[in-house]
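Here is a short briefing to read alongside the model.

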Amino acid sequence: MTPPLLQLDVSHTISGFSLDISVQNAATGITALFGRSGSGKTSLINLIAGLSRPDRGRIALGDLVLFDSERGIDLPPEQRRIGYVFQEGRLFPHLNIRGNLSYGMKRRGENGQLASFDHVVGLLDLEYLLNRHPSSLSGGEKQRVAIGRALLSNPELLLLDEPLASLDAAHKNEILPFLERLRGDPGIPIIYVSHNMEEIVRLADVMVLISEGRVLANGNVEDLLSRLDLRPLTGRFEAGSVIAATLVGHEKEFGLSRLSFAGGELLAPMVDLPLGTPLRVRIRARDVTLTTRKPSQMGAQNIYHGAIIQMEADTGSRAEVLLDIGVPLWARLSAKSAQELKLAVGMRAYAMIKSVAIDGHSLGRQRVIGGASSE
Amino acid sequence: MFGLSNMEMEAIQLSLRVALWGVAWSLPLAVSVAWLLARGRFPGKILLDGLVHLPLVLPPVAVGYVLLVMFGRHGAIGAWLFDEFNIEIAFTWRGAAIAAAVMAFPLMVRAIRLSLETVDRKLESAARTLGAGPVDVFLSITLPLIVPGIITGVILAFARSLGEFGATITFVSNIPGQTRTLPLAIYTLIQAPGGEETAMRLVLISVAVALAALAVSEILARRTTARLEA
């Protein structure tokens with residue numbers, strides 16, 4: 001089945017800030033909406049949900065037109081079937097967790113087996129919370145309930161507005177695995193708003209990059225992250241590269257997994273997933289070392305050879321070098337080493353990646369595009 | 001009962017009946033008006049606000065007189081009610097309930113409005129995304145969240161109604177069994193020689209009723225607030 005198309009073509013001005021978005025994406029898997037705070041991410045999903053009304057334009061999900069200024073269509077939020085998980089959870093304080101979860105379900109009906117009450121409660125591990133009230137829940141628990149509540153409202157599209165932003169690191173890690181599960185189960189398409197690249201790499205397949213109310217780029221996460229012209233936006237958080245890889249083997253005695261990618265093989269800490277699983281690996285520039293001579297035994301297994309495509313020395317004491325090892329790979333070294341190695345564009349160099357530098361947070365499971373289709 | 005005379009029992013029962021009916025009838029209207037004042041944007045909002053608060057600043061006697069003009073047998077509303085439904089307002093306990101309700105109305109509206117203004121509108125928009133229409137949202141989200149404010153408003157209005165004197169005596173006079181509520185009974189007793197002792201008993205009863213009402217409201221308000229507090 002072809003996924004429905006989400007068509008957005010809207011202009012909206014609120015107190016001097018203008019939003020002008022035109023984008024068409026298949027509503028499937030997790031699509032990240034990335035941009036700095038103030039770039040218009042939340043305003044945009046409020047327009048999709050119907051919580052604010054654009055000045056003009058058109059919003060459609062599949063065959064259903066949600067908004068069309070020319071035809072005078074503006075479906076109220078309750079008729080849009082778009083689930084919304086807010087930054088702050090917004091649980092109803094006068095209802096217990098069971099009441100919160102079933103609020104949307106009662107009004108829209110259960111959506112088959114996959115999004116049934118029991119299934120969602122199991123998926124998000126909410127059983128022990130059902131009879132409690134929101135005031136007694138931790139931030140992470142509240143967000144899980146908010147996700148469950150939106151899932152149970154039988155939505156055709158789920159909007160997640162920085163659901164982890166208000167949580168500390170420990171609680172983030174508590175939620176992330178649940179979000180990862182949502183990708184394939186119950187399979188409702190998700191728009192995930194975030195300004196955290198780590199979360200996006202881990203969760204999203206497709207990314208829409210917005211800045212100052214405009215779409216700057218729209219495409220696969222790996223592709224966008226390796227684009228140089230977008231680095232001022234994508235790379236400032238933590239410079240790095242994202243590589244698409246496949247899990248090909250394990251070295252159990254060392255607790256390592258072997259990943260295959262366009263540049264060869266990469267050893268990473270043990271990934272507990274079936275062989276053949278497509279993965280997305282984020283490699284931070286500071287974990288990549290460059291040398292000009294082939295290193296001998298230095299403890300770094302992951303050694304690659306390639307030509308320097310680009311060099312940047314923006315921060316004075318540091319230099320960032322982009323090496324083509326079959327895929328683009330960023331390395332960061334001190335400006336001094338760069339000079340001593342006489343690095344220059346076009347030169348060939350060796351890059352080493354420390355296996356231990358790749359942790360669970362830098363591995364994202366990649367969606368198999370078209371692979372599961374039975375056509 | 002409790003060694004009270006018939007006249008005293010009558011006054012107590014009448015007072016409670018007048019206050020309860022006055023509150024019960026004005027509550028839906030007070031919620032609507034509070035909602036309009038808290039959420040509405042319309043021309044004449046300031047006028048409505050002023051009108052609602054008038055009984056708070058006018059002399060009660062003046063309010064009583066206005067009610068008499070409107071609800072009296074020859075008044076616009078009074079004549080209509082009598083001709084159409086054979087309902088008599090002036091000089092009956094119903095009139096006393098109306099006087100009490102009008103005088104207590106601003107207090108009830110104020111409490112509910114304050115409560116409405118503290119409701120997080122974001123919860124309402126969350127409910128909309130979950131499939132609830134505007135009326136559904138009001139009934140399932142807004143109304144439960146303002147229950148503490150409604151309780152406060154009801155108790156304030158109830159207490160104000162029990163104490164209502166000026167508007168009542170002007171509008172519906174001082175008729176035993178019909179309009180002689182506790183305050184009017186106390187007033188009557190003080191006017192007659194030898195009534196001071198009974199008057200004092202009624203004063204003490206008034207104090208007891210008022211304290212009981214306040215205690216009940218406090219317990220209810222605490223219970224609901226504790227549940228709602230995040």
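**Chain A at a glance**

Of the contacts in chain A with a separation of 6 or more, 67% are between residues 24 or more positions apart; a contact here means two C-beta atoms, placed from the backbone, within 7 Å. Please keep in mind that this is a predicted model, where local features need pLDDT of at least 70, side-chain atom pairs count only at pLDDT 80 or more, and totals for chains, interfaces and linings use all residues. Residues are numbered from 1 along each chain as its sequence is written, while chains are lettered from A and ligands numbered from 1 in the order in which they are written.

**Make-up of chain A**

- Chain A holds nine helices and 21 strands, taken as DSSP runs (H or I of at least four residues for helices, E of at least two for strands) and numbered from the N terminus.
- Of its 375 residues, 42% are buried; buried means 20 or more other C-beta atoms within 10 Å of a residue's own, exposed means 12 or fewer, and partly exposed lies in between.

**The hairpin at β1 and β2 of chain A**

- Strand β1 (residues 5-14) runs antiparallel to β2(A), and ten bridges join them; strands count as paired when DSSP finds at least two bridges between them.
- Two residues separate the strands of this hairpin, and A:Ser15 in the turn has a positive phi of about 35°.
- A:Phe17 lies in strand β2 (residues 17-26) of chain A and is the bridge partner of A:Ile14.
- Is A:Phe17 buried or partly exposed? A:Phe17 counts as partly exposed because it has 13 C-beta neighbours inside 10 Å.
- Leaving out residues up to four places away in sequence, A:Phe17 touches A:Gly40 and A:Gly213.
- A:Ser43 is 26 residues from A:Phe17 in sequence, and their C-alpha atoms are 10 Å apart.

**The nonpolar core**

- The largest nonpolar core has 153 residues, and A:Leu159 and B:Met108 have the most contacts inside it. Such a core is a set of buried Ala, Val, Leu, Ile, Met, Phe, Trp, Tyr and Cys residues joined through C-beta atoms within 7 Å.
- Helix α5 (residues 93-118) of chain B gives the largest share of this core, 16 residues.
- Beyond its neighbours within four places in sequence, B:Met108 is in contact with B:Ser26, B:Ala30, B:Gly153, B:Val154, B:Leu156 and B:Ala157.

**Where the chains meet**

- The contact takes 21 residues from chain A and 18 residues from chain B.
- On the side of chain A that touches chain B, β7 (82-85) and α2 (97-108) of chain A are the elements that give two or more residues.
- The largest share of that side, four residues, comes from α2(A).

**A kinked helix in chain B**

- Helix α1 (residues 6-39) of chain B has 34 residues and should span 50 Å at 1.5 Å a residue, which agrees with the 48 Å between its end C-alpha atoms. The expected span is 1.5 Å times one less than the number of residues.
- In α1(B), a kink of about 40° lies at B:Leu27, shortly before the proline B:Pro28; the bend is the angle between axes fitted to the seven residues ending there and the seven starting there.

**Positive phi in two loops**

- A:Asp125, in the loop between α3 (117-123) and α4 (139-151) of chain A, has a positive phi near 55°.
- B:Ser173 has a positive phi of about 65° although it is not a glycine, and sits in the loop between α9 (166-172) and α10 (182-191) of chain B.
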